[in-house]
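Look at the structure first, then follow the questions.

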Amino acid sequence: MWNSDRFSSYRGQQRADGEWHPGGVAGQRLKDLTRRGKRRRWRERRLEAEAIRQAYERLKRVDAKYGALAERMSTCGNIHWFDVARNDVGVEISRLSKTISCNCRNCPQCQARKAYSLGGQLVEAVQEMIKRVPGCRAIFLTLTAINALQGALEAELDRQSEAFTRMTRWVRFGRSVLGGMRRFEITWNAIARSWHVHIHAWLFVPHDYGRKGSGLFIQQVEWRQLWQKALGVDYLPNVWVTSVRGVGDHGPNLGKAGRKAVAEMAKYATKPGDMIDFDANSGEYVCDETLLCELHDALEGRRMFAFFGQLKDIRADLNEDGDEAVERPKFPPGFVHVCTEVYAWYWAPVRSQSDYFCIDRQYVVRDPPF
Ligand SMILES: [Zn+2]
């Protein structure tokens with residue numbers, strides 16, 4: 001088992017190919033690929049998290065609560081455990097099975113992890129919805145407003161959150177929409193120096209929603225008017241509406257397109273990248289602490305993701321049934337769990353060259369097969 005003392009005296013080295021390497025027992029660099037062969041951004045997220053941690057550290061003089069967060073974030077993502085499985089033709093796949101996490105809202109690593117687990121829960125809830133209301137469809141609604149100036153983020157989130165709830169209570173909305181979910185998305189526009197806050201929502205509608213004469217269909221221009229009324233503004237806000245593909249086409253189970261749409265919905269409300277710059281001179285990621293401070297306070301205690309209507313009831317039912325046990329990664333059929341690889345984060349002298357290196361391999365079987 002890994003023991004922190006074993007690595008405390010270690011010193012990095014420059015290899016013949018010029019690449020920095022931690023040396024010692026640390027072996028290969030982490031190379032975690034998705035099913036489509038795309039590299040997962042563990043390294044970049046660890047570097048972004050460090051930039052955010054440093055910004056919290058600088059904010060310590062404003063309020064001690066930020067210092068406590070910096071402390072919590074300092075160990076987040078320092079060690080990852082990956083379960084490696086192999087099939088009989090030698091194909092290897094690995095899944096993250098355990099990690100050290102801080103659970104801070106603005107930690108890029110924890111955000112990615114939470115989005116992944118929320119995605120799983122959403123798939124379950126959506127499939128249950130299709131089962132309970134056969135033939136129902138989902139539409140995807142994006143509601144926007146003009147940008148909020150720096151310093152006005154909290155007020156803007158309050159305004160849109162209240163406006164959305166108001167709109168869902170109207171008869172016109174309630175007659176056409178059975179239920180759904182909404183999430184906020186906040187982006188920082190560095191050129192205009194303003195926050196762009198918008199809402200993404202999935203609305204489940206009955207099977208005859210699109211039928212002529214049913215009186216249920218809401219046209220895009222009407223959505224814009226509804227949202228304008230809900231916001232109480234004098235301009236016509238931009239609203240986009242499309243149908244969600246892959247929902248209800250193949251019975252209760254979500255198709256590939258439907259799963260992809262769910263993953264998109266589970267994304268986190270903020271992109272830390274908006275506030276982080278890469279400084280080519282120092283090779284470091286730097287986070288603007290004034291923005292982080294505003295974002296942190298605006299998000300504190302706020303529900304960025306919410307369910308409403310029938311989907312809210314389904315979600316509550318599923319939560320009652322489901323147990324809280326931590327799920328072990330499941331491998332596809334034919335794959336056998338052979339070992340668990342432990343990766344530790346190593347800071348390189350030039351910070352941007354830092355990476356995860358394998359420090360231990362724990363075999364499931366007594367005799368290692370390789
Ligand atoms: Zn974290």
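**Reading the chain**

Student: Leaving aside neighbours within four places in sequence, which residues is G309 in contact with?
Tutor: Two residues are in contact if their C-beta atoms, placed from the backbone, lie within 7 Å. With neighbours within four places in sequence left aside, the contacts of G309 are V177, L178, G179 and G180.

Student: What kind of model is this, and how are residues numbered?
Tutor: This is a predicted model, in which local features need pLDDT of at least 70, side-chain atom pairs count only at pLDDT 80 or more, and totals for chains, interfaces and linings use all residues. Residues are numbered along each chain as its sequence is written, from 1.

Student: What pLDDT does the chain average?
Tutor: pLDDT is the predictor's confidence in each residue, from 0 to 100. Over residues 1-11 pLDDT stays under 50, and the model has nine contacts beyond four places in sequence for them. In the chain, 90% of the residues score at least 70, and the average pLDDT is 87.

Student: How many helices and strands does the chain have?
Tutor: Helices (H or I, at least four residues) and strands (E, at least two) are DSSP runs, numbered from the N terminus. The C-alpha atoms of the chain fill a box of roughly 75 × 55 × 35 Å along the principal axes. The secondary structure comes to nine helices and 15 strands.

Student: Where does G309 lie, and why does G309 count as partly exposed?
Tutor: G309 lies in strand β13, residues 305-309. In space G309 is 4.0 Å from G179, C-alpha to C-alpha, although the two are 130 residues apart in sequence. A residue is buried if 20 or more other C-beta atoms lie within 10 Å of its own, exposed if 12 or fewer, and partly exposed in between, with C-beta atoms placed from the backbone. G309 counts as partly exposed because its number of C-beta neighbours inside 10 Å is 18.

Student: Is W188 buried or exposed?
Tutor: W188 is placed in strand β7, residues 179-189. Apart from neighbours within four places in sequence, W188 is in contact with W195, D274, M275 and L291. Since W188 has 21 C-beta neighbours inside 10 Å, W188 counts as buried.

Student: What percentage of the 370 residues count as buried?
Tutor: Among contacts between residues at least 6 apart in sequence, 68% join residues at least 24 apart. For burial, the share of the 370 residues is 29%.

Student: How is the chain divided, and which element gives the most to the side of domain 1 that touches domain 2?
Tutor: Domain bounds come from an automatic or database domain assignment, which gives domain 1 (1-104 + 272-301 + 335-370) and domain 2 (107-269 + 304-325). Their centres, taken over C-alpha atoms, are separated by 32 Å. In the contact between them, 21 residues of domain 1 meet 13 residues of domain 2. On the side of domain 1 that touches domain 2, the element that gives the most, with six residues, is α8.

Student: At what angle do the axes of α4 and α8 cross?
Tutor: Axes are lines fitted to C-alpha atoms, for helices over the stretch in contact, and angles run from 0 to 180 degrees between N-to-C directions. The axes of α4 (residues 153-169) and α8 (residues 289-299) come within 8 Å. L153, E154 and L157 of α4 make the contact with E294, L295, D297 and A298 of α8. The crossing angle is roughly 30°.

Student: What is the phi of N103?
Tutor: Most residues other than glycine have a negative phi. N103 lies in the loop between β4 (92-99) and α3 (108-132), and counts as exposed because 11 C-beta neighbours are inside 10 Å. Although N103 is not a glycine, its phi is positive, about 60°.

Student: Where does R193 lie, and what is its phi?
Tutor: R193 lies in the loop between β7 and β8 (194-205). R193 counts as exposed because it has 11 C-beta neighbours inside 10 Å. R193 is not a glycine, yet its phi is positive, about 50°.

Student: Is P333 buried or exposed?
Tutor: P333 lies in the loop between α9 (310-321) and β14 (336-346). P333 and N87 are 8.7 Å apart in space, C-alpha to C-alpha, and 246 residues apart in sequence. Because P333 has 6 C-beta neighbours inside 10 Å, P333 counts as exposed.
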